[in-house]
Amino acid sequence: MASSIVTATFGVAAQAHKLRSGDIGELEFIENAELVCLEAAVSALSSFIGQALIPVPILGAVIGNTVGTIMFRAAAASLSKREAALISRYLEGQLTLDEKLATEYNELIATLEASMCGYLAILERAFDPDIQLAFLGSIELAMEMGVPTEEILDRNEKALAYFLD
């Protein structure tokens, strides 16, 4: 038990030194310190179990500690491989999605630019200084904006009726 406490203390102190020197960040410090403490706890527990199963002084604790540490490291290594594979698959999916979204974004921007150019051209004609061109441009703009055909003032009679009636 004392060995586990000393091991955990020195492990956390080493991580604190790395944090102070800027080798690792706060989150990495916490994760590493937790891992050191977990290893120390596994060591202490496996030593206790080994001593209980093998009641020979010191021998049971050493054998239990060795077996427990090997089992913990094997489990941790397999979990690390599994987690690395999971992260790799997630990253591949994100990269594929990023490419797809970039393509869709570029297509939408191209469509928007084309429609904006057309709209600006119609708008320019609707506000042309030449009254006749402005009249025709206003009709085109109204149609482009979805005004029903019967409501568009496209003939003199409709304009007079609208303003005088």
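Modeller: Gladly, and I will start near the end of the chain, with the reminder that this is a predicted model. Tyrosine 162 and phenylalanine 163 are both exposed.

Biologist: What makes tyrosine 162 and phenylalanine 163 an aromatic pair, and why is the pair called edge-to-face?

Modeller: The search gives a count of one aromatic pair. In that pair, tyrosine 162 and phenylalanine 163 have ring centres 5.0 Å apart, and rings are paired if their centres lie within 6.5 Å. The angle between the two planes is 90°, and because planes over 60 degrees apart count as edge-to-face, that is the label given.

Biologist: How do you know that arginine 125 and glutamate 140 meet in a salt bridge?

Modeller: The N to O distance between their side chains is 2.7 Å, and the criterion asks for a side-chain nitrogen of Lys or Arg within 4 Å of a carboxyl oxygen of Asp or Glu, so the pair qualifies. It links distant parts of the chain, since arginine 125 belongs to helix 3 (residues 59–126) and glutamate 140 to helix 4 (residues 131–144), 15 residues apart.

Biologist: Why is arginine 125 called partly exposed, and what is the case for glutamate 140?

Modeller: Arginine 125 has 36% relative accessibility and glutamate 140 has 32%. Buried means under 20% and exposed means over 50%, so a value in between is called partly exposed, and that is the class of arginine 125 and of glutamate 140.

Biologist: How many salt bridges are found in the whole structure, and what makes glutamate 157 exposed?

Modeller: The search finds three. Aspartate 154 and lysine 158 form one of them, at 3.4 Å from N to O, and glutamate 157 forms another with arginine 155, where the closest N and O atoms are 3.5 Å apart. Glutamate 157 has 52% relative accessibility and therefore counts as exposed, the cut-off being over 50%, whereas arginine 155, at 45%, is partly exposed, and so is aspartate 154, at 27%.

Biologist: How do you know that the length of helix 1 agrees with its number of residues?

Modeller: Helix 1 (residues 2–21) has 20 residues, which at 1.5 Å a residue should span 28 Å, and its end C-alpha atoms are 29 Å apart, so the two values agree. Helix 1 is followed by glycine 22, whose phi is positive, near 85°.

Biologist: Which residues of helix 1 are buried, and how do you know that they are on the same side?

Modeller: Ser4, Ala8, Gly11, Gln15 and Ala16 are buried in helix 1. They cover an arc of only 140° around the axis, and therefore lie on the same side of helix 1. An α-helix has 3.6 residues a turn, so residues three or four places apart point the same way. The buried residues of helix 1 pack against helix 2 (26–53), while Ala2, Phe10, His17 and Arg20 are exposed on the other side of helix 1.

Biologist: Why is the chain called more spread out than a compact globule?

Modeller: The chain has five helices and zero strands. Its radius of gyration is 38 Å, well over the 15 Å that the globule rule gives for 165 residues, so the chain is more spread out than a compact globule. The C-alpha trace spans about 115 × 35 × 30 Å along its principal axes, and buried residues make up 16% of the 165 residues.

Methods:
Residues numbered from 1 in each chain as written. Predicted model: local features only at pLDDT ≥ 70, side-chain atom pairs only at ≥ 80, totals over all residues. Heavy atoms only, no water. Helix = DSSP H or I, 4+ residues; strand = E, 2+ residues; numbered from the N terminus. Buried < 20%, exposed > 50% of the residue type's maximum accessible area, 1.4 Å probe, protein only. Phe/Tyr/Trp six-rings, centres within 6.5 Å; stacked < 30°, edge-to-face > 60°. Expected span 1.5 Å × (residues − 1). Arc of directions from axis to C-beta. Contact = heavy atoms within 4.5 Å. Rg over C-alpha atoms; globule rule 2.2 N^0.38 Å.
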